[in-house]
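Here is a short report for a first look at this model. Please keep the sequence and the structure in view as you read.

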Amino acid sequence: GTSVRLKWLVAVVAVALAVGVVWAAKRVSNWGKEDGDNWAAEFTGEPQPATVLLDVESNLFGFSLFLNGIPGRVGTGRLRYQTKTVSTRPGECPPEIKSTQPPCVLLSKWPWQAETWRKTNVPQCKYFLIKDEFCNATKGMDVRETLRQYEDRSQEGARPVYVPLGPRLDAYKALASHMQEMRIDQLPNPSSREHVYNAIYSEDTSSSRKTLSSVLDSESMSKYRNTSFVQIAGKWSNNLTAGQLSPSRYIQVVLNSIFTLAPVGHNPESYRLYEALELGSIPIIALDHTYTNHPCRDALQSLWDMDPEGEGFVRIHTWDELPGKLEALT
C-alpha cells in the first residue's frame, strides 16, 4: 500500500547517496583499501579528513551535496569533510591549497580549465564534474578517474563515477528547519496529507514539461483540481520570481503531498527527486521521449537498478498515463 511504499521510499535517498559517495571514494583513490571488500562496513574509528575544493567560477547549487553535509550524514563515517574555495583561473595558487593532502576532490563545472589547474596545482586530488546536465562537457577527455553529477552510460568501458545530486542547497536549508529531528515514522501519513500531488516546475526547460502541463489541464485530471497543488512558471530562473515559490513554502507543499510530479527538465535527474524523498513524498517521473532521447544515456539507471520493480519511484511511460496511475494508487 501507499503507507508501506512511503516508509520504504524515504530510506532510498540515504541509501542512494551513501552508495554513490562510498563507491566514488573507493574507486578514485586509495581510501580504505586495507579493508578490502568490507570497506563500506560499519566504522567506529577516528574519521580521516577529506578536503573538498569548490571552484568559485562554478554555480553554488552544484556544491549542494557537500554544503548540505549529506556525505557526512549518510556515509560510512570514515571521512570528515571540509570545504575550501579556490579559483581555477590561471594565476598563483596559495601554498596551503597546493599542500592539500588526499583524499581530496575538486568540484567545478569547467572541466578543461579545472583539469589544467588541478594537474598543475593539486594533482593529488581527483576531479568532480558538476552541472553538466547534457553530458557534453568532457568530450575528448580521459574521465576514467573522475566523478560526476548526472549519470551517463553513453561511454563504453570505464566511465566516471556517478554521485547523486541530493537536495538543492536552499531547499535543504528550508527542509532542515522543518524537519529538525523528525524521524521517518513521524512524517505525515499519506491519508493526512493535504495534496494528492504537487506539480511545481518551470515549463520552458523541456518538452516533457509542456506535455505534462497539457495533461494537468485536461478533463481527465479535473477530479484532482481541489486536492492538488500546481505552480508552473513559464521561464526557469535561479532567482525567485512571481511564478516561483520560496524554498520554505515549497518544502511545506512537498511535505503535504502524497506524490511529487518530477518531469524531465534540462536533465532527467533533478534536486526535486531527493527533496521529495527526504519529505516522504513519492516522485512520479515519465520515461518518455524526452527521457529516452536525452544525451545523458540511461540517466538515473543506478536508482532504477536499486528499485527494479518500481516499488519506490513511480515510473510511467508518458504523462498521458498519469490519470490512470493516480486512480490506481489513491
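## A β-α-β unit

Strand S3, helix H5 (residues 111-121) and strand S4 form a right-handed β-α-β unit. Right-handed means that, with the strands pointing away from the viewer, the path from the first strand over the helix to the second runs clockwise. Helices (H or I, at least four residues) and strands (E, at least two) are DSSP runs, numbered from the N terminus.

S3 and S4 (residues 126-129) run parallel and are joined by four bridges. Two strands count as paired if DSSP finds at least two bridges between them. Leu106 has Tyr127 in S4 as its bridge partner. S4 in turn runs parallel to strand S5 (residues 147-148), with two bridges between them. Phe128 stands opposite Leu147 in S5.

## How the model is read

This is a predicted model, in which local features need pLDDT of at least 70, side-chain atom pairs count only at pLDDT 80 or more, and totals for chains, interfaces and linings use all residues. Residues are numbered from 1 along each chain as its sequence is written, and side-chain values use heavy atoms, with hydrogens and water left out.

pLDDT is the predictor's confidence in each residue, from 0 to 100. The protein chain averages 85, and 83% of the residues score at least 70. Over residues 6-40, pLDDT stays under 50. Where pLDDT is low, the predicted coordinates should not be read in detail.

## The five-stranded sheet

Five strands form an open sheet with parallel pairing, in the order S8-S7-S9-S10-S11. Strand S8 (228-233) and strand S11 (314-316) stand at the edges, each with a single partner strand, so one side of each has no neighbour in the sheet. From one strand to the next, the twist averages 20°. Angles run from 0 to 180 degrees between N-to-C directions, and axes are lines fitted to C-alpha atoms, for helices over the stretch in contact.

Helix H7 (residues 207-216) packs on the sheet and touches strand S7 (195-202), S8 and S9. The direction of H7 makes about 140° with that of S7. Helix H12 (residues 322-329) also packs on the sheet, touching S7, S9, S10 and S11. The direction of H12 makes about 145° with that of S11. Contact means heavy atoms within 4.5 Å.

Eight of the eight residues of S7 are buried. Buried means under 20% relative accessible area, exposed over 50%, and partly exposed in between (1.4 Å probe, protein chains only).

S7 pairs with S8 in the parallel sense over six bridges. Ser202 has Ala233 in S8 as its bridge partner. S7, H7 and S8 make a right-handed β-α-β unit. S7 also pairs with S9, in the parallel sense, over three bridges. There, the bridge partner of Asn198 is Thr260 in S9. Strand S9 (residues 257-261) runs parallel to strand S10 (residues 282-286), joined by three bridges. Leu261 stands opposite Ile284 in S10.

## The nonpolar core

The largest nonpolar core has 30 residues. Such a core is a set of buried Ala, Val, Leu, Ile, Met, Phe, Trp, Tyr and Cys residues joined through side-chain atoms within 4.5 Å. Leu107, Phe128, Tyr250, Ile251 and Leu279 have the most contacts inside this core. Several elements each supply at least two of its residues, including strand S1 (48-55), S3 (104-108) and helix H8 (247-255).

Leu107 touches residues that include Val52, Phe66, Phe128 and Ile130, not counting residues up to four places away in sequence. Helix H6 (169-179) also supplies at least two core residues. Among the buried residues of H6 are Leu169, Tyr172 and Met179. The buried residues of H6 pack against H2, H3, H8 and helix H9 (271-278).

Most residues other than glycine have a negative phi, and most peptide bonds are trans. A cis peptide bond joins Pro102 and Pro103, with omega about 5°. Pro103 lies in the loop between helix H4 (95-98) and S3.

Asp298 has a positive phi of about 55°. Leu300 also has a positive phi, near 70°. Asp298 sits in the loop between helix H10 (289-292) and helix H11 (301-306), and Leu300 is in the loop between H10 and H11 too. Is each buried or partly exposed? Asp298 is partly exposed, at 35% relative accessible area. Leu300 is buried, at 0%.
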